[in-house]
Amino acid sequence: MATISLRKANTRLPPEVNRVLYVRNLPFNISSEEMYDIFGKYGAIRQIRIGTNKDTRGTAFVVYEDIYDAKTAVDHLSGFNVANRYLIVLYYQQAKMAKKVDQKKKEDEITRLQEKYGISISKDK
């Protein structure tokens, strides 16, 4: 097993490695049982969340019990073919997601204040 050799060697993992994986390009009709079959080969899974909304279909979050199992899954499943679709498996990075949300909130707040005070910004300066 590759995970045992990683642990025994006290390998330092890159900072982006964590137990939560973000999976894109999934077939829309994939079941949770199929997800457990595919991702469960690489270690114990704590949770799988499959996107069901119009905006989130084809994506999922997979949470492993162990960080080394998550790393092994990313190494082996990135580009894996499922129903003629190649999976994109990434480490979930909360900081990037928080920045996107914060930026959107700031833009909404600026727009709201511009409307409140009747300020219009012309781009033809």
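In this predicted model, Arg46 pairs up with Glu65 in a salt bridge, with the closest N and O atoms 3.0 Å apart. Arg46 sits in strand S2 (residues 45–50), while Glu65 belongs to the loop between strand S3 (60–64) and helix H3 (67–77), so this contact ties together parts that are 19 residues apart in sequence. Neither end of the pair is buried: Arg46 comes out as partly exposed at 47% relative accessibility, and Glu65 is partly exposed too, with a relative accessible area of 39%.

By the rule used here, the count comes to three salt bridges. Another of them sits within helix H3, where Asp75 and Lys71 are four residues apart, or about one helical turn. Their closest N and O atoms are 3.0 Å apart. The two partners fall into separate accessibility classes. Asp75 is partly exposed, with a relative accessible area of 49%. Lys71, at 18%, is buried, because the cut-off for that label is under 20% relative accessible area.

Helix H4 (residues 94–117) holds both Arg112 and Glu109, which lie three residues apart, about one turn of the helix. Here the side chains meet in a salt bridge at 2.7 Å, N to O. On the accessibility side, Arg112 counts as partly exposed at 41%, and Glu109 gets that label as well, with a relative accessible area of 36%.

Methods:
Residues numbered from 1 in each chain as written. Predicted model: local features only at pLDDT ≥ 70, side-chain atom pairs only at ≥ 80, totals over all residues. Heavy atoms only, no water. Salt bridge = Lys/Arg side-chain N within 4 Å of Asp/Glu carboxyl O. Helix = DSSP H or I, 4+ residues; strand = E, 2+ residues; numbered from the N terminus. Buried < 20%, exposed > 50% of the residue type's maximum accessible area, 1.4 Å probe, protein only.
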